[in-house]
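Here are my notes on this one, as numbered points. Have the model open while you read.

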Amino acid sequence: MSTASLLDLKTLTAENVGQLFSLADRLSAEKPPDREHFKNRRGLTAALVFFEASTRTRMSFETACVREGLAPVLLDGGSGSSLEKGETPEDTALNIAAMGPRLMIVRCDDKLDLAALERKLDIPVLNGGWGRRGHPTQALLDAYAITRRAGKISGQNVLLIGDIRHSRVAASHVELSRILGYNVAFCGPRDFLPASAEVPVFTTLREGLKWATAAMALRVQKERHSGTETGWNPQDWQLNSATAEALAKDALIMHPGPVNWGVELSEEIARDSRAIILDQVRGGVWVRQALIRRIMEEAE
Ligand code: CP
């Protein structure tokens, strides 16, 4: 077990996150270090163990590892691996850890007990999206994107719209909001909301958007649906140029990706000056780089 692991956000303080964001700011302004800078890390690896599909998280962590002098080694989705012969995800991760990476980033479903796996390993384990439980680095990079654009995160009103019930991003924002002092509210059809919410719920998009300083649409996760969900009507719930009129002129439009264009967001909303969807992705590399730098410097 490693104290540098990040399975959720509960152990972070506002000061920790502030330092992480300051480092991310510095990294954003620097040229990526050349190979000589990290010559003491030559031959060192970071394992990216992705049992589920990913583009942003996987490639953002890969980029961050390369920039921090670690070679990423990747299990990507499990196809072509011994998972196909029946090896369990935990055994797979234990065997990859035995190859000596300095840290492991894992994306998995709820069935893998990531906390139990982490206790068996002596390297830091970072949650790269764990079922519906959480996606801590996504919440961090979202908060970082808001901070960069709005100047501060405390006191912001972040409205999460749509498929909250299946969202690990929503779970991590509820955690992070308590640490950083921002407000979270949910908004969506009843079948897309959790059975009980720990935060305020708006029953119409318009009311939610009038409250929000940042409106984050979430992907409708059809692959996690039972097929009985009802109530998703783009006219009621889609963020588009008409519905976004209820949003303040200086509010932000966000999405963690991947976007179902035409479902939770209309295509034209990407060109709205308030949309910062690609800024979220851009800043995500610096935030993940900052996390890896902190872990490596503590280890060294
Ligand atoms: N936001 C996010 O986790 O995207 P990916 O599934 O592409 O990693």
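How many nonpolar, polar and charged residues are in the shell around the ligand?

1. By class, that shell has 1 nonpolar, 6 polar and 2 charged residues. Here Ala, Val, Leu, Ile, Met, Phe, Trp, Tyr, Cys and Pro go down as nonpolar, Asp, Glu, Lys and Arg as charged, and the others, Gly among them, as polar.

2. Before going on: this is a predicted model, with pLDDT of at least 70 needed for local features and 80 or more for side-chain atom pairs, while totals for chains, interfaces and linings use all residues. Residues are numbered from 1 along each chain as its sequence is written, and side-chain values use heavy atoms, leaving out hydrogens and water.

3. Around the ligand you'll find S54, T55, R56, T57, R107, H135, Q138, P256 and G257, with a heavy atom within 4 Å as the cut-off.

4. Now the polar contacts (N or O pairs within 3.5 Å). Ligand oxygen atoms lie 2.6 Å from a side-chain N or O of S54, 2.7 Å from a polar side-chain atom of T57 and 2.9 Å from a side-chain N or O of R107. The protein covers 92% of the 260 Å² of accessible area that the ligand has on its own (Shrake-Rupley, 1.4 Å probe).

Terms used
A polar contact is a pair of N or O atoms within 3.5 Å; within protein, one must be able to donate a hydrogen and the other to accept it, and residues adjacent in sequence count only if both atoms are side-chain atoms.
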